[in-house]
Each structure stands twice: as structure tokens, then as C-alpha cells.
Amino acid sequence: MSSGAGFERMPGFHKLESLWIIEYKAVAREPVLTAPAEEEAKIEVEKLLDKKLAKTYPDLVPLIFEGHAAFSGNAVKGLFRHLISSQLTNAGVRVCVQNVKLGRKGVPEGREPQCQPENPCFVCTWFGTVSRQGALHFSFLKSVKPIGEVVARNPIPMIALNEEFMGVSERAFLLVVPLKPGTEFTGWIKGENLSKQIIGAIKEVVDMSKAGFVQFGALKTRGFGAMELEILKLQKYSTRPFELKAEYTEDGLQNFLKECQEEYRKLLAGSAGM
């Protein structure tokens, strides 16, 4: 396994050299279910459907935030962290397992015990630990159009995955109301002292999404959740003084992302500089 010394370490939280913001969009390729919602949301969605259902209310509906369908920033962060961690592990780059994630079998093959604060791995540096936030901050991912325009009008009946949805007749049945394919979301990722490697890692996840391998929300194994991501704009700010130093859009954006992705792939190949 690589020692992990090949990744470009950030200056540290005590020294703020640059601030970054990555604006992006996500478009549903399949029906999508955001995080399980509260009972009030089920009632609201049932009213939007305006039709008689086989149940009093649907069982699974989208999360609604300020009138729009949404994924929490925590959900988005978790997906990026999982994909990047798994890719680095396969490449033999040092990636730890947080103690709170350890199961009975202990540290899985290819991973290491939780990092020491003074020597974080690539993933802990950028995504943080239980006791320390990382250098990346993820916004809510909100639908561009209001919930009434993006929710599917015909609930999908499914076999339940959980005894919670068992009916009196002991038939496992639930009603799912997803968002329609084509639903567009927008959000941002903010960062401190970002390296080309971590920007390249984010670009790598974007590329995975274009092939259909990035899935958000619930029921991923049942045909839900595939989302295609696209980075729209990237800005870099200096901190002494605070001012916009660079803005990447269109061809300039694609060239910069390609450069960053090449640096990340050197890390995956074990040829990154010290």
C-alpha cells in the first residue's frame, strides 16, 4: 500500500491562503427519491397528486425544502466521500476508517485505522472527521423548479423492503412518489486551500455520473437515483486581500478541470510528487 505521501497537503486550517466555490448542476436520469421525508411532506405530496390512492398516504416521497425537492448537503458530501474513498483504496492510497464506522469485523481490507489528527489521509483532509470539519462544504442540492412541477403524478407500487410497511393482509406493499426523470438540481461546493488533486477527484465523480454510476437517494438498487452532474463555474479567491483571483467558465473551465484531473490520476497511479 502507498504511504499516502504522494498527495498534496493543504497548508492547514490555521493558514487560509485561498477560497474556492464550485457551482454545479445535477439532472435526474431516472426517477429519484431524495431523503425520506416527514409525515407532513407525505400529506403535501398526496394533495399534489389529487387522485385516490390505494393507501391513505404514499410511503416514500421527496424531501421538500422551501417548496423545492432537495438533497441535504450531508447526503451529497457522503456520496462524494464514498466514491473518492473507494477509488483511492483500490489504488492503494492510504485511506482510513473512522472509529464510528467500524463494524464487528474491524478495519476492512485495504483501509487503515482512523488517522491521527496530525497526519490525516487524503479523504480526512478534505472531508473531515468526527471531531474536525473538512475543507469542503456542500450546499443543499435543490430542484430548479418547485415541487409541484417535478413530482411524478403516478405513484409507483413496490414490494416493501422493511416490515414497517407490511399491511394487515401481511402483503408487503408500499407506494413511492419519486421525482421525474429530467428534474434539474443546482448546488455548490465551497472549499478552503483546495489542491488540484481534490478538484480533480471531484471531476472524476462528475465523469462517473455521465456514465450512470452516480446515484442519489433511496431505492438505488431498484431503478432509482441515477443523476448526471456538470460543473458550471469555478472561482478562486485570494485572502490577502480578499478578492476574486480567477474565474473558470466554458473552455477555460474544461481545460483547468482536465489539468486537475491529471494531477489526481497521478495520485491514483502512485506517481504524484511528494
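Colleague: Let's start with strand β3. Which of its residues are buried, and on which sides?
Modeller: Strand β3 covers residues 68-71, and both its faces are covered. H68 and A70 are buried on one side, A69 and F71 on the other. Buried means under 20% relative accessible area, with a 1.4 Å probe and protein chains only. Strands are DSSP runs of E, at least two residues, numbered from the N terminus. Keep in mind that this is a predicted model: local features need pLDDT of at least 70, side-chain atom pairs count only at pLDDT 80 or more, and totals for chains, interfaces and linings use all residues. Residues are numbered from 1 along each chain as its sequence is written, and side-chain values use heavy atoms, leaving out hydrogens and water.

Colleague: How does β2 pair with β3?
Modeller: Antiparallel, over 2 bridges. Two strands pair if DSSP finds at least two bridges between them. Strand β2 is residues 64-65. I64 has A69 as its bridge partner in β3.

Colleague: And what sits in the hairpin between them?
Modeller: There are 2 residues between the strands. E66 takes a positive phi there, near 55 degrees.

Colleague: Which way does β5 run against β3?
Modeller: Antiparallel again, with 2 bridges joining β3 to β5, residues 141-143. Here A70 stands opposite K142.

Colleague: Zooming out, how many helices and strands are in the chain?
Modeller: The chain has 6 helices and 10 strands. Helices are DSSP runs of H or I, at least four residues.

Colleague: What share of the chain is buried?
Modeller: Buried residues are 45% of the 274.

Conventions
Buried means under 20% relative accessible area, exposed over 50%, partly exposed in between (1.4 Å probe, protein chains only).
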